[in-house]
Amino acid sequence: MEEFNNAVVLTNRLLKPNELFEVHIDKQVEKWAGSLEIGVTTHSPEDLELPSTMTNITTGTWMMSGGGVVNNGVTTIEDYGHSLEELKVLLP
């Protein structure tokens, strides 16, 4: 809780073609500014040296960061839909 950029999560298997995935937020720490980065990569977890932020991966990666779309570390679309900075925990 004293540092940020400490939570890169990868699946335990490959995604199937056209498979959707869902991210569920159980808890938020209000202490930090910024947003989640959610995306996909072609890199195997065994071969990937985990960076402090996934936007530092410059190959095989697509993601959303804030409100933009990032491909291989470069923002390709700004203001794409709702910003991930606005996500909140859903109460039961």
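1. Contact range. In this predicted model, contacts between residues at least 6 apart in sequence include a 40% share that join residues at least 24 apart. Two pairs of C-alpha atoms illustrate separation along the chain. V8 and I38, 30 residues apart, have C-alpha atoms separated by 9.6 Å. For H24 and L90, 66 residues apart, the C-alpha separation is 8.7 Å.

2. Confidence. The mean pLDDT of the protein chain is 84. A value of 70 or more is reached by 89% of its residues. Among the elements, strand 1 has the lowest mean pLDDT, at 89. Strand 4, residues 74-77, has the highest, at 96. Where pLDDT is low, predicted coordinates should not be read in detail.

3. Secondary structure. The protein chain has zero helices and four strands. From the N terminus on, the order is β-β-β-β. Strand 1 covers 37-41, and strand 3 covers 68-71.

4. Burial and surface. The protein chain has 92 residues, of which 18% count as buried. It exposes about 7,700 Å². Carbon and sulfur atoms supply 54% of that area.

5. Core. Which residues make up the largest nonpolar core? There are five: L48, M54, I57, M63 and V70. M63 deserves a separate look. Leaving aside neighbours within four places in sequence, M63 is in contact with E37, I38, G39, M54, T55, G68, V69 and V70. Two of these partners, M54 and V70, are also named in the core.

6. V8. This residue sits in the segment before strand 1. Is V8 buried or partly exposed? V8 counts as partly exposed, because its relative accessibility is 29% and buried means under 20%. With neighbours within four places in sequence set aside, V8 is in contact with L50, P51 and M54. M54 is one of the core residues, and M54 is also a contact of M63.

7. Nonpolar surface patch. L15, F21, V23, L36, V40, W62 and L87 form a nonpolar patch on the surface. Together they have about 580 Å² of accessible area. One of them, F21, lies in the segment before strand 1. F21 counts as partly exposed, at 42% relative accessibility.

8. Salt bridge. How many salt bridges does the structure hold? There is one. R13 pairs with E19, and the closest N and O atoms are 2.6 Å apart. Both ends are partly exposed: R13 has a relative accessible area of 42%, and E19 has 25%.

9. H24. This histidine is found in the segment before strand 1. H24 is exposed, because its relative accessible area is 53% and the cut-off for exposed is over 50%.

10. Positive phi. Which values does phi take at N72 and at D79? Phi of N72 is near 50°, a positive value in a residue other than glycine. Phi of D79 is likewise near 50°, and D79 is not glycine either. N72 lies in the loop between strand 3 and strand 4, whereas D79 lies in the segment after strand 4. N72 is partly exposed, with a relative accessible area of 25%. D79 counts as exposed, at 71% relative accessibility.

Terms used. Residues are numbered from 1 along each chain as its sequence is written. This is a predicted model: local features need pLDDT of at least 70, side-chain atom pairs count only at pLDDT 80 or more; totals for chains, interfaces and linings use all residues. Side-chain values use heavy atoms; hydrogens and water are left out. A nonpolar core is a set of buried Ala, Val, Leu, Ile, Met, Phe, Trp, Tyr and Cys residues joined through side-chain atoms within 4.5 Å. Buried means under 20% relative accessible area, exposed over 50%, partly exposed in between (1.4 Å probe, protein chains only). Contact means heavy atoms within 4.5 Å. Patches are made of residues with over 30% relative accessible area and no salt bridge: like charges are joined within 9 Å, nonpolar side chains (Val, Leu, Ile, Met, Phe, Trp, Tyr) within 5 Å. Accessible areas come from the Shrake-Rupley method with a 1.4 Å probe; for residues, only the protein chains shown count as cover. A salt bridge is a side-chain nitrogen of Lys or Arg within 4 Å of a carboxyl oxygen of Asp or Glu. Helices (H or I, at least four residues) and strands (E, at least two) are DSSP runs, numbered from the N terminus. pLDDT is the predictor's confidence in each residue, from 0 to 100.
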